[in-house]
Structure formats: C-alpha cells, structure tokens
Amino acid sequence: MRKKTVVMAGVPGKTSAACEGGKVSEEPGATTRCTVAYDGVEVTWSIEFEKLTDDLDSYDITNAGQVVLTAKSVYGHFWK
C-alpha cells in the first residue's frame, strides 16, 4: 500500500501506514481498512483475503477512490 501510494504520487515521499485493529485479518472474506499517510495526506486502502485452496491464500488491495496529486508530478507529466 505504501509503495502504491508513492507510485500514485509520482514523487518519493515519507510514508507511514496503520490498519484497523493494528493488524490485517487473514480470515477468508474479511476486509481490513488501512491508512497510508504520504507527506501528511491520508489515503485509505482495503485488504481482503480469499482462501483459494488449502495451501494458497490470495488477497486484493483496493483504494477507496482517493488520489495523491503533487505539483512536481503534474509539472513532470505536463512537460512530457
């Protein structure tokens, strides 16, 4: 989530992350909300685990529709 947030911003920045309850639930079908802070801007993510087989778990990380937009990134895209 932290890496995805930095990629979204387009510029390296200081990040931290925290999840509800202090950990990610690995129970099949459970969803855990987590927040990544990027230079003071908070982005909410959800992690959901699925049990595919006895030995294999899968998970999805989705964004709650928030975007980190930095001036440096916008200027860089503009000039490209």
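Visitor: Is Asp39 buried or exposed, and what is its relative accessible area?

Guide: Asp39 counts as exposed. The classes are buried for under 20% relative accessible area, exposed for over 50% and partly exposed in between, with a 1.4 Å probe and protein chains only. The value for Asp39 is 52%.

Visitor: What kind of model is this, and from which number are residues counted?

Guide: This is a predicted model, in which local features need pLDDT of at least 70 and side-chain atom pairs count only at pLDDT 80 or more, while totals for chains, interfaces and linings use all residues. Side-chain values use heavy atoms, with hydrogens and water left out, and along each chain, as its sequence is written, residues are numbered from 1.

Visitor: What is the phi of Asp39?

Guide: Most residues other than glycine have a negative phi. Asp39 is found in the loop between S2 and S3; helices (H or I, at least four residues) and strands (E, at least two) are DSSP runs numbered from the N terminus. Asp39 is not a glycine, yet its phi is positive, at about 45 degrees.

Visitor: Which cysteines form a disulfide?

Guide: A disulfide is a covalent bond between the sulfur atoms of two cysteines, assigned here when those atoms are within 2.5 Å. The structure holds one disulfide. Its sulfur atoms are 2.0 Å apart, and the pair is Cys19 and Cys34.

Visitor: What is the torsion about the S-S bond of Cys19 and Cys34, and how many residues apart in sequence are the parts that the pair ties together?

Guide: The disulfide is right-handed because the torsion about the S-S bond of Cys19 and Cys34 is about 105 degrees. Cys19 lies in strand S1 and Cys34 in strand S2, so the parts tied together are separated in sequence by 15 residues.

Visitor: Which of the two cysteines is buried?

Guide: Cys19 has a relative accessible area of 21%, which places it in the partly exposed class. With a relative accessible area of 0%, the buried cysteine is Cys34.

Visitor: What separates the C-alpha atoms of Lys23 and Cys34?

Guide: Lys23 sits in the loop between S1 and S2 and is exposed, at 62% relative accessibility. Along the chain, Lys23 and Cys34 are eleven residues apart, and their C-alpha atoms are separated by 9.0 Å.

Visitor: Which side chains meet in a salt bridge?

Guide: A salt bridge requires a side-chain nitrogen of Lys or Arg within 4 Å of a carboxyl oxygen of Asp or Glu. The count by this rule is one. One partner is in strand S2 (residues 31–38) and the other in the loop between strand S1 (15–19) and S2, 13 residues apart. With 3.7 Å from N to O, the side chains are those of Arg33 and Glu20.

Visitor: What is the relative accessible area of Arg33?

Guide: Glu20 is partly exposed, at 48% relative accessibility. Arg33 is also partly exposed. The value for Arg33 is 43%.

Visitor: Which residues make up the largest nonpolar core?

Guide: A nonpolar core is a set of buried Ala, Val, Leu, Ile, Met, Phe, Trp, Tyr and Cys residues joined through side-chain atoms within 4.5 Å. S2 and strand S3 (41–51) each give two or more residues to this core. Its seven residues are Ala9, Val11, Val36, Tyr38, Val43, Trp45 and Val68.

Visitor: With which residues is Ser46 in contact, leaving aside neighbours within four places in sequence?

Guide: Ser46 lies in strand S3 and is buried, with a relative accessible area of 18%. Contact means heavy atoms within 4.5 Å. On that basis Ser46 is in contact with Thr31, Thr32, Arg33, Asp60, Ile61 and Thr62.

Visitor: How far apart in space are Ser16 and Ala30, C-alpha to C-alpha?

Guide: Ser16 is found in strand S1 and is partly exposed, at 39% relative accessibility. Although 14 residues separate Ser16 and Ala30 in sequence, their C-alpha distance is 23 Å.

Visitor: What separates the C-alpha atoms of Val67 and Val43?

Guide: Val67 lies in the loop between strand S4 (57–63) and H2, and its relative accessible area of 62% makes it exposed. Val67 and Val43 are 24 residues apart along the chain, with their C-alpha atoms separated by 7.3 Å.
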